Amino acid sequence: MDDLAVIVAFYVLAAITLISALMVGVVRDLVHAVLFLILSFIGVAGLYITLSADFVAVVQVLIYAGAISVLMLFAILLTPRSGRDNAGVSYSAPISVLAGLVGATLVFVALKTEWAKVEGDRFDTTAAAIGEALLDPFVLPFEVASVVLTVAMIGAIILVRGSEGEEA
Amino acid sequence: VNLIAAWYDFDPFHELYEWLTDHTFDELTYVVIAVIGATGILSFVGLGALVNVWLERRIIGRIQVRRGPNRVGPFGLFQPVADAIKLIQKEVLQPTASDGKLYNLPPILVFIPAMLTFAVFAWAPDMVYADLNVGVLYLLALSSITSLAIFMAGWASNNKYALLGAMRVIAMAISYEVPMVLALLAPVLFAGTMSIPGLVDFQKEYTVWLAFLLPMPVFIYAIAATAELNRTPADIAEAESEIVAGFHTEYSGMKFGLFYAVELINSLAVSGIMASLFFGGYSLFGIEDYIPPWIIFIGKIYFFYFGLIWLRGTWPRLRIDQLMAFAWKMLIPLALINVVIVAVEVLLWRELELTDWVLAAYVAINAVLSVLLVGFFFRMITRDYYRLPRRVRLEHDISVPSLPAPGVQPVPSAGDA
């Protein structure tokens, strides 16, 4: 991080990420909140790029900004009371206190930890390196993750289908 | 992310690059070359949007046996310019109940992914703006951003038709993203790289277009991309016969113009992806040594773009349930099976270190398998239709009522209608 451009990019992206994350909680409209969340995801993807992790950055945009947020939007649109806003949420004071505590803990941990510096050069082809890592040393966690996802999918289908007798 | 600073297909730029590296410092070289490259790409895209309006209207006119625009300038060439001036002059209307800033954002936002797509294309050897090693994934990520912007447009308009269009876009994006990703996995598996120049180099090295090796992914990608583009066979997001103009119902003037331009630019981008992933990019079996490769690449882009126009001019619009069913029942299973086939082939080829002649065998095998699989799935999908009785017959025995006695009026029953 000795390059000036990278430092500037880091602070700009960090500002985008944090402000939009804050706006998720502050704005009243639920759809606006999701859109700010997407902006925050994209800011995080930018941060990954400053770390030369281009594969993770692109996947962040593809999965979080592209797929997950779309699912959230769909869920909001299909909810009958999607017109309601954040003002209707009770417990906002205790939740803010909780969120503040979590944030404070994270900052404390981040400041306290002795971060290990990466030795040596970065990967030139991150995608190939990640692919080899996933399919050679980490093949078991990788496959277990896919099994977990399948279980979640089957569970969702069973929940949606309702009981045996009724139609669809 | 490295910028490959060698646009030396254009000789003066190469000399400029060398002079800059020799006489100035690296940052300046980087900036100057990046600005020149970006200007080149953006002018191609901007000019392309103008030319495409004319091309599209003229060719569709030709297909539909009418003339198309032919009054403004020679062959009507200045019609897009006149249209643009008209659109800029129009009054900017904004519905009072619309969602303020969110309403004005999408026409700008859709432009960003459309422009960014062109950054990773290989226009010629060493003529790549950004050689990302995750190029294919990058393209997919951008296409998902476009549908988000379109959703924002539909939501912020605060119009029922616009919202319906937006929901259709989202539904279609979810459905067609899956076969698209699976189809693009096949060339990546064969070439062993995700960078676009890498894929083109693979096709050049083995003198075989991936389209021949992978006939099925080509068609799956072409169909899925047309759906994501929102062009006529699949433009259910703006289906004017059903929901007025879909997501851009409330956009007038240049805001509508921007949506329209982005649609054309995205068509160019999809043609470019087709050309570079499946049809050899800038290479044309050795001819690229005599003709500037970027001309070959642009030629290929416009070849596929012509195909898209042809589709638009001839096909009727599909219904939304037909489109969804096609993605989930046909494209996704086919793409999944195809990924398994390709993975086995690549594994055999790489692990057993077979000679490269095995690629010729794969061409034949994949062609036969694709025809068989597509035929099988078509039979599966259309089974219900073919099971319909071809001529009138009795499903089960019915008791024939005895004829009423002469003179008695038969009582009409509900089934008579």
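## Salt bridges

The side chains of Asp321(B) and Arg319(B) meet in a salt bridge, with N and O 2.9 Å apart, where a salt bridge is a side-chain nitrogen of Lys or Arg within 4 Å of a carboxyl oxygen of Asp or Glu. Asp321(B) counts as partly exposed because its relative accessibility is 40%, and Arg319(B), at 46%, is likewise classed as partly exposed; in these terms, buried means under 20% relative accessible area, exposed over 50%, and partly exposed in between (1.4 Å probe, protein chains only). Salt bridges that share partners also join Glu56(B), Glu263(B) and Arg312(B) into one network. By this rule the count over all chains comes to four salt bridges.

Arg57(B) forms a salt bridge with Asp83(B), the closest N and O atoms being 3.0 Å apart, and it connects helix H2 of chain B with helix H3 (residues 79–89) of chain B across 26 residues. Arg57(B), at 33% relative accessibility, counts as partly exposed.

## Basis of the model

This is a predicted model, in which local features need pLDDT of at least 70 and side-chain atom pairs count only at pLDDT 80 or more, whereas totals for chains, interfaces and linings use all residues. Residues are numbered from 1 along each chain as its sequence is written, chains are lettered from A and ligands numbered from 1 in the order in which they are written, and side-chain values use heavy atoms, with hydrogens and water left out.

## A buried lysine and the nonpolar core

Lys300(B) lies in helix H14 (residues 293–314) of chain B and counts as buried because its relative accessibility is 9%. Leaving aside neighbours within four places in sequence, its contacts (heavy atoms within 4.5 Å) include Trp209(B), Ala275(B) and Phe279(B). Ala275(B), found in helix H13 (residues 253–278) of chain B, is buried at 0% relative accessibility.

The largest nonpolar core has 134 residues, and those with the most contacts inside it include Phe118(B), Trp123(B) and Phe278(B); such a core is a set of buried Ala, Val, Leu, Ile, Met, Phe, Trp, Tyr and Cys residues joined through side-chain atoms within 4.5 Å. Helix H7 (residues 135–156) of chain B contributes the largest share of this core, 16 residues.

## Contact between the chains

Chain A and chain B bury about 2100 Å² between them, 81% of it on carbon and sulfur atoms, the buried area being the accessible area (1.4 Å probe) that two parts lose on being put together, summed over both. In chain A, Val58(A), Leu62(A) and Leu77(A) lose the most area to chain B, together 26% of what that side buries. The contact takes 27 residues from chain A and 23 residues from chain B, and the count between the two chains is zero salt bridges.

Definitions and conventions. Helix = DSSP H or I, 4+ residues; strand = E, 2+ residues; numbered from the N terminus.
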